[in-house]
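Reader: I have a model open and want to learn how to read it. Where should I start?

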Amino acid sequence: MAALMGPREALNRALLTGYRSAVRPMLFTAHGGDAEKIHEDMIDALGRIPVASRHLAPVLGGRGLAGRGETEVAGISFPGRVGLAAGLDKQGTAARAWAGLGFGFAELGTVTAQAQPGNPKPRVFRARTSQAVINRMGFNNSGAAALADRLAGWGVERGNRALGIPLGISIGKTKVTPLEHAVEDYLTSLRLLARHADYVAVNISSPNTPGLRQLQDGEHLRELTSALVAEAERLDPGRPVPIFVKFAPDLTDDALDEAIGICEQNGVSGLIATNTTLQRDGLAPADQHLAAEAGGLSGAPLTVRSREMVRHITRHTDLPVIGVGGIMTPADAQAMFDAGASLVQLYTGFIYNGPALVSGINALR
């Protein structure tokens, strides 16, 4: 079979095999298997070697080599169609490295208006046999102002691609902020970060902040999206930063249709589907002991649901959709594109399969 592969396919297979056989076992066993500590070390390491990572771009299918080429979505020009999902680089620590790893864009965060520690540890669990992760992080971050300062220090301004690729920034509600004050909480983050973001993603779908998902409902969503879109216009008249809204996979079709309609009416620029799920379908028998852990499930068990949700959305609106959830192989990404997604994002798939997954998706024709 290797003789029938082109050189790029053969290289990608070698990268995937090397990551799975050498790198991943080391990552998964460090710190006694503490998934959160291992993740923090990985992000810190990437944050220290941004220049070195850029040299990997030709190997990993980075900028200029993406098979699908430049793509415009919501007025933003993306050099490739596969991006980093929110949650992997919450603080933007490794923001300078993602272009070199082949990503066409990166979504930093989720950050909140106020710094907060997140939920008690342990709060990240790998379901290895299922190729899944359960997390209940709870938006642990240093706050929107800290991320704004970091990006400003690197010269990042909206549209300037100072780090090589467009950057989205995901914003969420501070845990201690009552639901009735959520709009102002989100507006605070938007005001701090809009100048540094190519788009702003509104996270109202994490299951790990009490009451957050109520913001997907009816009048809550109407008030929030209306305020954010209006403020984006006020901050940059005639050229407002695009606002994207991220939905949960656990919404019913009726609730989703209502939410889509509200987003259309209020001038939202795009949608992201999906966040993690509260369901535990698809967990392998070897991982069933994790089913009772609170938090959102991501990875392979979410593949079908996220794709179905994207297909449903794209049949009901012309708003562009970023597809995320359970993209573990290039074939999963292709299926997401076929379902109507304009772009895709990786989280758990990247953890389990490494940069070879990015280059494999970039090679799709």
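Author: Start with one residue and its accessibility. This model is predicted. Met137 has 10% relative accessibility, so Met137 counts as buried; buried means under 20%.

Reader: Where is Met137 placed?

Author: Met137 is in the loop between strand S6 (132–135) and helix H5 (144–153). Gly138 lies in the loop between S6 and H5 as well.

Reader: Is Gly138 buried or exposed?

Author: Gly138 counts as buried, because its relative accessibility is 6%.

Reader: Which residues are in contact with Met137, leaving aside its neighbours within four places in sequence?

Author: With those neighbours left aside, they are Glu36, Lys90, Gly118, Asn119, Arg123, Val124 and Asn208. Treated the same way, Gly138 is in contact with Gln116, Gly118, Asn119 and Asn208.

Reader: Where does UniProt place the feature "binding site"?

Author: The UniProt record, an unreviewed entry, places it at Lys90, Asn135, Arg136, Met137, Gly138, Phe139, Asn203, Asn208, Asn275 and Thr276. Of these, the lining of the largest cavity includes Lys90, Asn135, Met137, Gly138, Phe139, Asn203, Asn208, Asn275 and Thr276.

Reader: Now the cores. What tends to happen to nonpolar side chains in soluble globular proteins?

Author: They tend to be buried together. Here, the largest nonpolar core has 97 residues. Trp98, Tyr186 and Phe247 touch the most other members. Take Trp98. Beyond its neighbours within four places in sequence, its contacts include Ile43, Leu46, Leu84, Phe103 and Phe350. A second, separate core has seven residues, among them Ala127, Leu283, Leu290 and Leu297.

Technical notes: Residues numbered from 1 in each chain as written. Predicted model: local features only at pLDDT ≥ 70, side-chain atom pairs only at ≥ 80, totals over all residues. Heavy atoms only, no water. UniProt positions renumbered as here; feature names shortened; annotations may be inferred. 1 Å grid on protein atoms, 1.4 Å probe; cavity = no way out; pocket = protein on both sides within 12 Å on 5 of 7 lines; lining within 4 Å. Helix = DSSP H or I, 4+ residues; strand = E, 2+ residues; numbered from the N terminus. Buried < 20%, exposed > 50% of the residue type's maximum accessible area, 1.4 Å probe, protein only. Contact = heavy atoms within 4.5 Å. Core = buried A, V, L, I, M, F, W, Y, C linked by side-chain atoms within 4.5 Å.
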